[in-house]
Amino acid sequence: MPQVYQTNAINIHSYNLSENDKIVVMYSIDSGIIKCVAKGVKKPKSKLAGRMDLLINNNLVLSKGKNLDIISQAEVINAFKNIRLDFSRLGFAIYCAELIGIFGVENDPNSKTIYELLLKTLNKIDLTSGKSNLLNIVINFQLELMKIAGYTLSTDKCSSCGLPYNESFKFSIPSGGVVCSRCATFNTISSEKTKQLIAVINKLPEGENLSMQEFCFDTIKDYISFHSHRKIKTHSFLSII
């Protein structure tokens, strides 16, 4: 008799296993990344079909398998329908899911925190319109995920020497934040741009300009890429939003 268990999870990726079956990669509230077999999901009358699509939040019943667990039942908690109706929402949501797939792990000790972060972010994206609002949501997601992953951006002191910085501070992706004039190298971002970046990160009124938000998003995106162990595929998709 196979061991059966229940969990909530969000679909973040899938790939074909056979003519009728797929492997669905999910982020679960209990165990972080899980990879499960959806048997017969590609058949026209499959009960699992729509429930195994990308960015679906399900309550699942799973059976322990020898190598991969088997999806026995799936009940949709939230399909985030508005995300699928808007190109910008969809692009940002897929980007967030891809980052979870990169920085999340199996048996993740932070599974509940990361699951709730992704769920909260998808809910907000689903209910939000306008690029400025979407950027605010995704920038916050980026910063929170990096914090959980141990890559918090330093903005209150020099991220290289640890000392207070003066008016000549800049931003360095390799150093992980603001650097003082003594530690700045050729590959840093200018003081003026860094001030804009800090304003957006700290949610100051002067950080609400769309061009500043776009710059901040792209900079943090580059910072995340620097720490990613694999290429982030959605970057090309985001470039046309």
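Mentor: Beyond its neighbours within four places in sequence, lysine 221 is in contact (heavy atoms within 4.5 Å) with Tyr95, Gln142, His235 and Leu238. The model is predicted, with residues numbered from 1 along each chain as its sequence is written. Local features need pLDDT of at least 70 and side-chain atom pairs pLDDT 80 or more, totals for chains, interfaces and linings use all residues, and side-chain values rest on heavy atoms without hydrogens or water.

Lysine 221 belongs to helix α5, which spans residues 210–227; helices (H or I, at least four residues) and strands (E, at least two) are DSSP runs numbered from the N terminus. Lysine 221 counts as buried because its relative accessibility is 11%, the limit being under 20%, with over 50% exposed and partly exposed in between (1.4 Å probe, protein chains only). One of its contacts, Tyr95, falls within the range of α1, residues 87–103.

The chain around this site has six helices and seven strands. Read from the N terminus, the order of elements is β-β-β-β-β-α-α-α-β-β-α-α-α. The C-alpha atoms occupy a box of roughly 65 × 35 × 25 Å along the principal axes. Of the 241 residues in the protein chain, 47% count as buried.

β4 runs antiparallel to β1, and seven bridges join the two; strands pair if DSSP finds at least two bridges between them. In this pairing, isoleucine 10 has asparagine 57 of β4 as its bridge partner. β4 also pairs with β5 (residues 69–78), again in the antiparallel sense and over seven bridges. There, asparagine 59 stands opposite glutamate 75 of β5. β4 and β5 make a hairpin, with five residues between them.

A pocket is an open set of points on a 1 Å grid where a 1.4 Å probe fits, with protein on both sides within 12 Å along at least five of seven lines, and lining residues have an atom within 4 Å of a point. The largest pocket holds about 430 Å³ of space, the volume being that filled by probe spheres set on the points. It is lined by 16 residues, and those nearest its centre are Ile12, His13, Glu98, Arg230 and Lys233. At least two lining residues come from each of β1 (4–16), β3 (32–38) and α1 (87–103).

The second largest pocket holds about 300 Å³. Of its 16 lining residues, Tyr5, Ile33, Ile34, Lys64 and Asp69 are the closest to its centre. β1 and β3 each contribute at least two residues to this lining, and the largest share, four residues, is supplied by β3.
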